[in-house]
Amino acid sequence: MLESAKPKGNDSLEEIAMLALEFGRLLMEAGASARAVDEITAQVASGLGAERVDLRVGYASLAITVGIGTDGITRMRKVGPLGVNQSLDQALRTAAARIEQGGSTVAESRAELDRLLRDTSRHPDWVVAVAVGVACAAFGRLLGVDWMGVGPIFAASALGQMVRRWLAMRGVNVFVSATIAAFLGSTLCGLGARWAGSQTVAVAMAAAVLLLVPGVPALNALNDILEGRPTLGSARAVWVAVILVFITAGMWLALSLLGEIS
Amino acid sequence: MNIDLLHLLHHTICGGLAAAGFGVLFNIGYRTLPWCAASGALALAVRTVALAGGWSLPAASFAAALAVGIIVQLLQSRLGVSRNALSVVGCIPMIPGGVATRAILGLFAVAAQHSSATNQTLVTAAEETLRVMFTIGALGTGLALPTLRLPARGRK
């Protein structure tokens with residue numbers, strides 16, 4: 001690390017801690033595992049001059065202690081809803097690796113983070129809806145849905161994705177939103193599959209809600225437990241279990257409505 | 001072991017399509033999507049072969065996740081793509097979401113009915129719940145094994 005970049009005094013420690021926490025928060029919200037959050041946050045803090053870095057990764061908050069010499073501070077940051085955004089995750093990792101090389105001031109690093117957030121875009125909603133439709137149709141085939149059921153799965157899951165996005169943008173609770181999207185997607189798929197003459201209507205209705213199954217949080221939950229963070233892993237696992245119940249509730253309503261419950 | 005090659009090809013293609021579709025949902029860049037598709041295709045190919053060999057769903061899923069984890073770990077530096085993006089997205093088509101919803105529907109039915117069929121429904125729901133838990137556990141462990149470093153890396 002360059003000597004000129006080494007911070008002096010508590011103000012600098014404050015800035016280092018808050019910038020490192022900002023990286024950690026964004027990584028959590030982008031779907032990173034706790035180990036990745038821990039390592040990347042430490043890269044940022046040590047690259048900016050911290051000699052000691054300790055991070056506590058909670059489900060809804062992060063706490064960091066950074067120290068230089070005999071000085072040290074602890075700060076906490078709230079974490080928002082956890083999602084998945086691999087482009088942002090990758091951009092944050094690249095920026096943290098650059099900061100770790102040293103030579104950047106806190107202000108320069110923050111400017112880089114702001115630029116990164118501005119430049120990292122999301123795919124257009126219609127592209128995501130079509131991709132989700134294709135993915136769920138492929139899931140349907142893997143589950144044994146006949147070819148007549150594939151088109152309805154595609155259309156229903158694409159609609160389900162659009163509904164989920166629309167509800168998320170209006171701040172609707174994620175569990176309620178999952179039930180509504182599952183009910184609408186499953187009902188539309190069931191009606192479409194019947195109209196198309198599919199012999200596997202109930203399985204097609206299940207395939208149409210698979211876009212809602214939280215695969216990344218489920219894998220992260222186990223990963224966190226395996227890597228020595230059972231508290232966070234358990235919290236994620238409980239969240240996954242509860243959202244699965246809400247998804248199934250929406251699907252159950254649709255199956256009952258169409259008389260597909262055996 | 002008797003494998004229908006058409007069945008294997010079908011599942012491989014579907015695995016690739018599902019992984020690429022979820023790659024878009026997870027906001028993976030367009031240039032990386034072919035690698036996501038390859039990762040999903042590899043996972044489904046290994047799982048299909050293992051299932052055809054008489055392996056259970058959790059065991060076959062573990063083998064597939066381990067294969068994806070190892071290949072991605074080996075190729076990561078050459079591909080210049082995040083390990084997380086490739087290996088996790090590749091395993092998403094193997095998350096047993098269909099079995100999970102069936103298991104919960106079974107539990108709903110047990111809570112609602114009062115008949116002699118309740119026991120059988122409960123046993124089926126319990127079997128499927130366990131299958132989901134062990135399969136997710138197998139996927140996570142298979143993915144994590146190639147990346148676990150021993151001894152634990154020190155912190156500056």
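**View 1. Overall fold of chain A in the predicted model.** In chain A, residues 24 or more positions apart account for 68% of the contacts with a separation of 6 or more, two residues being in contact if their C-beta atoms, placed from the backbone, lie within 7 Å. This is a predicted model, in which local features need pLDDT of at least 70 and side-chain atom pairs count only at pLDDT 80 or more, while totals for chains, interfaces and linings use all residues. Residues are numbered from 1 along each chain as its sequence is written, and chains are lettered from A and ligands numbered from 1 in the order in which they are written. Chain A has 10 helices and 3 strands, which are DSSP runs numbered from the N terminus (helices H or I, at least four residues; strands E, at least two). From the N terminus on, the order of these elements is α-α-β-β-β-α-α-α-α-α-α-α-α. The C-alpha trace of chain A spans about 75 × 35 × 30 Å along its principal axes, and 53% of its 262 residues count as buried, that is, with 20 or more other C-beta atoms, placed from the backbone, within 10 Å of their own.

**View 2. Helix 2 of chain A and the glycine that follows.** Helix 2 of chain A, with 14 residues, reaches 20 Å from its first C-alpha to its last, close to the 20 Å expected at 1.5 Å a residue, where the expected span is 1.5 Å times one less than the number of residues. This helix is mostly covered, with 13 of its 14 residues buried. Helix 2 of chain A is followed by A:G49, which has a positive phi near 115°.

View 3. A hairpin of 3 residues joins strand 1 to strand 2 of chain A, and A:V53 stands opposite A:V66 in strand 2. Strand 2 of chain A is also joined by 8 bridges to strand 3 (residues 71-78), running antiparallel, with A:L62 opposite A:R77 in strand 3. The hairpin between strands 2 and 3 of chain A has 2 residues between the strands, and in it A:G69 takes a positive phi near 60°.

**View 4. The side of chain A that touches chain B.** Here 42 residues of chain A are in contact with 36 residues of chain B. The largest share of this side of chain A, 11 residues, comes from helix 5 of chain A.

Conventions: Buried ≥ 20, exposed ≤ 12 C-beta atoms within 10 Å, placed from the backbone. Pairing = 2+ DSSP bridges.
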